[in-house]
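Q: I have a structure open and would like to learn how to read its features. Could you walk me through them?

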Amino acid sequence: MVAHKIIYNKQTKYVYLQGGVKVYQGDTLYLDVEEANINMQDKQVKVSHLYLQSTMGMWVMSHQGAGKDGIYTFKRGVISGCDVVNPLWHLNVSSGTYNTTKEYMSVWNSRFYIGGIPVFYLPYFIAPTSNVRKSGLLSPELSLSNKQGFMYKQPLFIAPFNRWDITFSPQIRTQRGVGGELEFAFADKDNQIALLQTRYFQNTDSYMLENDLKNQYIYGGTFNYTTQHLLAKNERATDGLFVNITYMNDLEYMRLKSLNAAFNTRLYESRINYFLNTDKNYFGTYFKYYLDLSKANNTDTFQSLPHLHYHRYTDSLFFKNLLYTFDFQSKYITRPKGYGYFQNSMSLPIGVAIPLFNNYISTGVNLDMYATSVALQNAQDLVDAKNDALSNSINYAVGSYNVSFNSDLARPYRHFFHSLNLEAIFSGALYKHTSMAVSDERYEAYNALLEQGIDSTLLAMYWNPSDIVDVVKNKHKVDLKASQYFYGKNGKELFYWRIYQRVFLKDSFLTKNQVLQNEIGFSPIDGFSISASAFFSYTRKSVNEASINASLNKWGLDSRFTYYFKLDPLYLSSGLYSSGNTGFMRGSLGYDFGLFRFDTNIGYDTELGYLKDWYVTISKNIRCFGLGLKVAQDVRPTLTANNEITPIKNQYVKIEFRFVPLANTGLTYRFKE
């Protein structure tokens, strides 16, 4: 305690402080008054011209106040988190209590002001004065929509213990329905968070009829958890667990997380992965569950339950230059409707690496022994391209050679460092054993269907030999690669160029579907970079795929541009078929003008010719206060009653407010479609 004048009565145990009275707790000032009377026995305090400040920077001022054991009461006070002189926002309250021990403040009859303008009135509210987790009401979400009416979401936060908490968030949309969310969060001994969420919403009959929706009741659940050192406790081994599981019956489940949430993915993947890794060995087990919301049900969607993986890292065998590695994988792919399969695969490359010409060139020769066994299930209706029924057992084995020549050169110059890598890999089968289902005859028959341009619905009726087995392994081919990099001072990448071409020596169908891959990147100054790629087909004499990415973050400017294009009327990569062109552009621009910050973002589908989404925001942040105006549009897919994904154009205006350290809030108005 510090003051201009201090009088202490040793008999009565009273202390009187006058003039510039300041009371510190550690290094933090939390009491600043003009006068104070303190009873040192029962810790009662009476003060005038009260000023209290929390560790978060929130303060209260009052003409008079009293306190005991760290609990202060006051009347006719002012509260804010801004500068004391002319605060940008503040609250006038009739009375209140500030508990410095439990770190919260409760006030009555609060009038909220922005500058000198009253905005709203609250008869009572309570708020924490520190960043320690406390139970209570969180900031509400408010929105106004022509389509869904007035929307209100009020989270209730319950944190009885340090290790776990619960958030219950009911919401109402007056023209749509009611619902809520329950979230349970738990921290383990390593402070890794496990999160369990469940959500439910009921649409009204009128909203269902008006929008032709499939589901009146929307529900689902999510569980997320990531941790390490679960079983492995020593330095020689590490392990980890990753869990991300979600079930939902509608696309709207994700959007109901907040009043303005966006979710546009019809296919959602849930995963459970566990790995154990040492310096020599790796073991992993993976579970994958795919949820396709565009289908009436998921009975014909492939699921990977489970996938086992063992890998032996590259090591010497008998002598230093004789190297080997081993890989084994076991997959169980299943679905209630349609065929599934159980597959075991192994790969054992053994080879030598020999440096030549004083390490300017190195050559490698290895034998890769690969085998896989597939047991089909429920495949009685599946036929190959020759309309022959398939056997339930499929075996495939190939012993292939790999001969590589590599030159990796590097040289430092005065202002930059240059590296160049050249590589050629020759590979093909020395021996192969195939079941009829994956023979070259069946593979060529399926490729003939592709060249005929058969409809994709009819094509799905036939067995594709490359769906399960990588038949490219037994093809004689050459991979040609070249790359070079230029680095500046401190290892900064200035320029790179990579080029790659694969040539099949005896398979004209695959060769004519290969492309020359070019990638280039340039970053001459800090904050500016540009990269591009182009995949050129000599057969079609056209660019099959191209992309451009550019960014400039300098001189207060924050801008990005992306362009992507893919032409695939009959695109074949390792035997996998797909159809349909893809193309989009996206650009963003941001600049702080001082008086305000301007940001814009726009996405355009170049193939379908429509604006995917765009927004423009104008915002201003002044330490304790922030204000933003956002005008935006996006396209949201909706699941209709006939199980079709129907896009809805969504346009809205949003005003956002930020009151530091009290709360963030906003108001959104949506226009009719």
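This is a predicted model: local features need pLDDT of at least 70, side-chain atom pairs count only at pLDDT 80 or more; totals for chains, interfaces and linings use all residues.

Q: Which residue forms a salt bridge with Asp 190?

A: The general idea is that side chains of opposite charge can pair when their charged atoms come close. Here the partner of Asp 190 is Lys 189, with 3.4 Å between the closest N and O atoms. Lys 189 is exposed, at a relative accessible area of 60%.

Q: How many salt bridges does a search of the whole structure find?

A: The search finds 20 salt bridges. One of them joins Arg 442 and Asp 384, whose closest N and O atoms are 2.5 Å apart. This pair links distant parts of the chain, 58 residues apart: Arg 442 belongs to helix 3 (residues 440-451), while Asp 384 sits in the loop between strand 24 (361-377) and strand 25 (393-412).

Q: Are Arg 442 and Asp 384 buried or exposed?

A: Both Arg 442 and Asp 384 are buried. For another case, look at Arg 498 and Glu 519, whose side chains meet in a salt bridge at 3.5 Å, N to O. Arg 498 in strand 28 (residues 493-504) and Glu 519 in strand 29 (residues 516-522) are 21 residues apart. Arg 498 has a relative accessible area of 26% and is therefore partly exposed; Glu 519, at 28%, is partly exposed as well.

Q: Which residues do salt bridges that share partners join into one network?

A: That network is made of Asp 384, Lys 386, Asp 388, Glu 441 and Arg 442.

Q: Now the rings, please. How many aromatic pairs are found in the whole structure?

A: A pair of aromatic rings is described by the distance of the centres and the angle of the planes. In this structure the search gives 25 aromatic pairs. Tyr 413 and Phe 416 are a stacked example, with 4.9 Å from centre to centre and 25° between the planes. Tyr 413 is partly exposed at 38% relative accessibility, and Phe 416 is partly exposed at 33%.

Q: Why is the pair of Phe 657 and Phe 659 stacked?

A: Planes under 30 degrees apart count as stacked. The planes of Phe 657 and Phe 659 are at 5° and their ring centres are 6.1 Å apart, so this pair is stacked. Phe 657 is partly exposed at 25% relative accessibility, whereas Phe 659 is buried at 8%. Together with Trp 89, Phe 112, Phe 120 and Phe 625, these two form one aromatic cluster.

Q: Where does the charged end of Arg 335 sit?

A: It sits over the ring of Tyr 339, 5.0 Å from the ring centre. Likewise, Arg 199 lies over the face of Tyr 253, at 4.4 Å from the centre of that ring.

Q: Which residues touch the most other members of the largest nonpolar core?

A: In soluble globular proteins, nonpolar side chains tend to be buried together. The largest nonpolar core here has 31 residues, and Ile 79 and Trp 89 touch the most other members. Strands that each supply at least two residues of this core include strand 6 (71-80) and strand 7 (89-99). Another core, of 23 residues, lies apart from it and includes Val 374 and Ala 429.

Q: What makes the nonpolar surface patch of about 610 Å²?

A: Its residues are Phe 522, Ile 530, Ile 548, Phe 561, Met 585, Ile 602, Tyr 604 and Leu 611. Ile 602 lies in strand 36 (residues 597-605) and is partly exposed, with a relative accessible area of 40%.

How values were computed: Residues are numbered from 1 along each chain as its sequence is written. Side-chain values use heavy atoms; hydrogens and water are left out. Rings of Phe, Tyr and Trp (its six-membered ring) pair if their centres lie within 6.5 Å; planes under 30 degrees apart count as stacked, over 60 as edge-to-face and the rest as tilted. Buried means under 20% relative accessible area, exposed over 50%, partly exposed in between (1.4 Å probe, protein chains only). A charge sits over a ring if NZ of Lys or CZ of Arg is within 6 Å of the ring centre and within 35 degrees of the ring normal. Patches are made of residues with over 30% relative accessible area and no salt bridge: like charges are joined within 9 Å, nonpolar side chains (Val, Leu, Ile, Met, Phe, Trp, Tyr) within 5 Å. Accessible areas come from the Shrake-Rupley method with a 1.4 Å probe; for residues, only the protein chains shown count as cover. A salt bridge is a side-chain nitrogen of Lys or Arg within 4 Å of a carboxyl oxygen of Asp or Glu. Helices (H or I, at least four residues) and strands (E, at least two) are DSSP runs, numbered from the N terminus. A nonpolar core is a set of buried Ala, Val, Leu, Ile, Met, Phe, Trp, Tyr and Cys residues joined through side-chain atoms within 4.5 Å.
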